[in-house]
Amino acid sequence: MAFVLLVLVTETSCAPTLSGGPERLFSNSEETSSLRSRVKAIDFGYYTSLLPAARTSYRDRIIQERVYFIDRAYSAYEASLTTERQSVGFLASATNIALTQTATLVSPIATKNILTGTAAALTGVHSAYNDEILLKETIQIIQSQMRANRSIVYTRIVLGLKRDDSDYPLYIALSDVEDYYRAGTITGGLTSATQNIAAVEREAQNVKQTSITYAISRASSQVALRSYIAKGPDSKANQARLVGLLMEIGGGTDVPDVINNPNRVETADKLARKAGLIK
């Protein structure tokens, strides 16, 4: 069984994998090398000596070049993440497990040991497969967050380049370009994903708290307060009086909550005594 597993894994590992996309006219390395040779370092002295219109033009060229370089580098980086997830982890783990378990089965040993070794091999492959699937899904989530981060910063850069250099100077634009680079990193994706999850969790907790209902309390003080408010023509005046008394004892202004919520009995006791409804 382990031999069959080894053959299966070996054959699978030799199978061709999907590429990251159609072949480019120029590879990333070729085009990056060519463009880098033509790009000059930023001359801030020259930049500050230019007239406003010329500064804007200089800024636009510098920023557009760097954004394009980052896009090419990110494209290759993302493709490598996907390729590695498709072809390396699980097959490497499964092959290692198959080889290890096969080594324990080649000598003449009892059938019991053969079955035990085969079961261990299958369990190990199953574990490696599950771990690989989890990691693959995690990487996909991070990649989605990276794309979203990049889109947000890219929009900020494009809108900035529509303004004059006096409103969006080169220094600020370069800072946004640095943000654009960080947005396409694993760290940037993880940070944003964590922040988004935390925000969703907080919102869910808020919704949960606002949706919680409770049975109306039957505590004597709260019953007395509800009866006091329900007195016919004096109802509104009595409720207004309770609001004032509640503020005096530092209980807030939410009278309905105090007279109904089982968790506010202590405050209701104080309010009822303040109003002379109980001793």
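In the protein chain, residues 24 or more positions apart account for 74% of the contacts with a separation of 6 or more. Bear in mind that this is a predicted model.

The protein chain has 12 helices and zero strands. Read from the N terminus, the order of elements is therefore α-α-α-α-α-α-α-α-α-α-α-α. Of the 279 residues in the protein chain, 32% are buried. The accessible surface comes to about 17,600 Å², and carbon and sulfur atoms hold 60% of that.

Now to H10. This helix takes in residues 235–248, which is 14 residues. From its first C-alpha to its last it reaches 20 Å, close to the 20 Å expected at 1.5 Å a residue.

Which residues of H10 are buried? They are Asn238, Leu242, Leu245 and Leu246. Why do these four belong together on the same side of H10? Because they cover an arc of only 100° around the axis. Just after the helix comes Gly250, with a positive phi of about 75°.

What covers the buried residues of H10? The cover includes three helices: H9, at 220–229, H11, at 255–260, and H12, at 265–274.

Let me take H12 next. The axes of H10 and H12 come within 10 Å and cross at roughly 115°. That crossing is right-handed. On the H10 side, the residues that meet H12 are Arg241, Leu242, Leu245, Leu246 and Glu248. Their counterparts in H12 are Thr267, Leu271 and Lys274.

Then H9. Its buried residues are Ser221, Gln222, Leu225, Arg226, Tyr228 and Ile229. These cover an arc of only 160° around the axis, which puts them on the same side of H9. The cover over them includes H10, H11 and H12. H9 in turn is part of what covers the buried residues of H10.

Finally, two residues elsewhere in the chain.

Gly184 is in the loop between helix H7, residues 170–183, and helix H8, residues 186–211. Is Gly184 buried or exposed? Its relative accessible area is 8%, so Gly184 counts as buried, the cut-off being under 20%. Leaving aside neighbours within four places in sequence, Gly184 is in contact with Tyr74, Tyr77, Met146 and Arg150. The C-alpha atoms of Gly184 and Asn149 are separated by 7.2 Å, and these two residues are 35 residues apart along the chain.

Glu178 is found in helix H7. With a relative accessible area of 38%, Glu178 is partly exposed. How far is its C-alpha from that of Val67, 111 residues apart along the chain? The two C-alpha atoms are separated by 9.5 Å.

To recap, the buried residues of H10 lie on the same side of that helix, and H9, H11 and H12 are among the elements that cover them.

Terms used. Residues numbered from 1 in each chain as written. Predicted model: local features only at pLDDT ≥ 70, side-chain atom pairs only at ≥ 80, totals over all residues. Heavy atoms only, no water. Helix = DSSP H or I, 4+ residues; strand = E, 2+ residues; numbered from the N terminus. Expected span 1.5 Å × (residues − 1). Buried < 20%, exposed > 50% of the residue type's maximum accessible area, 1.4 Å probe, protein only. Arc of directions from axis to C-beta. Contact = heavy atoms within 4.5 Å. Areas by Shrake-Rupley, 256 points an atom, 1.4 Å probe, with all protein chains shown as cover. Axes fitted to C-alpha atoms, helices over the stretch in contact; angles between N-to-C directions. Left-handed = near helix turned anticlockwise from the far one by under 90°.
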